[in-house]
Amino acid sequence: MGRRVRRRWVLNPPDNAYFLAETPSSDHTITLTLTEFEAMRLKHYVQLTQKDAAEKMGISQPTFSRMLESAHQKTTRAILEGRDIKVYGGHFNYRRGFVGYGCFDCNNEWEDESASKEKKINCVKCNSGNVYYLVREII
Ligand SMILES: [Zn+2]
C-alpha cells in the first residue's frame with residue numbers, strides 16, 4: 001500500500017512563479033513546490049514560529065520542519081549553481097480570505113461574495129438580524 005499523501009494548505013501562492021538566473025550556468029531548473037514555498041513564506045516572511053506555521057498549513061511540526069529544510073536546500077543550490085527556480089506543484093489546497101457575515105446571536109459565520117457593510121441581512125442559520133459584516137483575511 002502506498003503512503004497516503006496528505007493535502008496541505010497554501011494560503012498565499014506567489015504571483016511570480018518563475019525566477020530566472022541572470023547568468024544561468026545550467027539548463028536544469030529547480031522546482032520548489034508551492035508547499036515548500038509556503039513554508040518559507042510563513043516562517044521567514046510572516047515570521048511565525050514553526051509551531052504556528054505548521055498549524056496554519058494543517059501539518060505536524062516535524063513535517064513542516066522537513067519541508068522548510070528541503071526548501072532551503074533547493075534555494076541555496078539554485079543560487080549557488082545559477083539555476084532557475086520554478087514554484088510549482090505539490091499536494092495542497094488553496095485557502096484565501098473571504099467576505100461574508102457573522103451572527104452575534106449564534107456565532108455562525110458564512111461566506112457571501114456579494115457581502116457589503118450597507119446590506120441588511122439575516123443570519124442564514126438562526127435568522128437573527130443581529131449580523132455583522134465580515135472580512136476574513138488570512139494573515
Ligand atoms: Zn445566527
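**Aromatic pairs and helix packing in a predicted model**

Guide: Three aromatic pairs turn up in a search of the whole structure; rings of Phe, Tyr and Trp (its six-membered ring) pair if their centres lie within 6.5 Å. This is a predicted model, in which local features need pLDDT of at least 70, side-chain atom pairs count only at pLDDT 80 or more, and totals for chains, interfaces and linings use all residues. Residues are numbered from 1 along each chain as its sequence is written, and side-chain values use heavy atoms, with hydrogens and water left out.

Visitor: Why is the pair of Tyr101 and Tyr133 edge-to-face?

Guide: Their ring centres are 6.4 Å apart and the planes stand at 65°, so the pair is edge-to-face. Planes under 30 degrees apart count as stacked, over 60 as edge-to-face and the rest as tilted.

Visitor: Where in the chain do Tyr101 and Tyr133 sit?

Guide: Tyr101 is in strand β6 (residues 98–103) and Tyr133 in strand β8 (residues 131–136), 32 residues apart. Strands (E, at least two residues) and helices (H or I, at least four) are DSSP runs, numbered from the N terminus.

Visitor: Is Tyr101 buried or exposed?

Guide: Tyr101 counts as buried, at 1% relative accessibility, whereas Tyr133 is partly exposed at 29%. Buried means under 20% relative accessible area, exposed over 50%, and partly exposed in between (1.4 Å probe, protein chains only). Tyr101 and Tyr133 also form one aromatic cluster with Trp110.

Visitor: Turning to helix α2, which residues are buried?

Guide: In α2 (residues 50–57), these are Gln50, Ala53, Ala54 and Met57. Seen down the axis of α2, the buried residues fall within an arc of 100°, so they line one face of the helix; the arc is that of the directions from the helix axis to the C-beta atoms.

Visitor: And what is on the other side of α2?

Guide: Lys51 and Glu55 are there, and they are exposed. After α2 comes Gly58, with a positive phi near 70°.

Visitor: How do the axes of α1 and α3 cross?

Guide: The axes of α1 (residues 34–45) and α3 (residues 61–81) cross at roughly 100° and come within 8 Å. Axes are lines fitted to C-alpha atoms, for helices over the stretch in contact, and angles run from 0 to 180 degrees between N-to-C directions. That makes α1 roughly perpendicular to α3; angles under 35 degrees count as roughly parallel, over 145 as roughly antiparallel, 65 to 115 as roughly perpendicular and the rest as oblique.

Visitor: Which residues make the contact?

Guide: Among them are Ala39 and Met40 of α1, and Phe64 and Leu68 of α3. Contact means heavy atoms within 4.5 Å.
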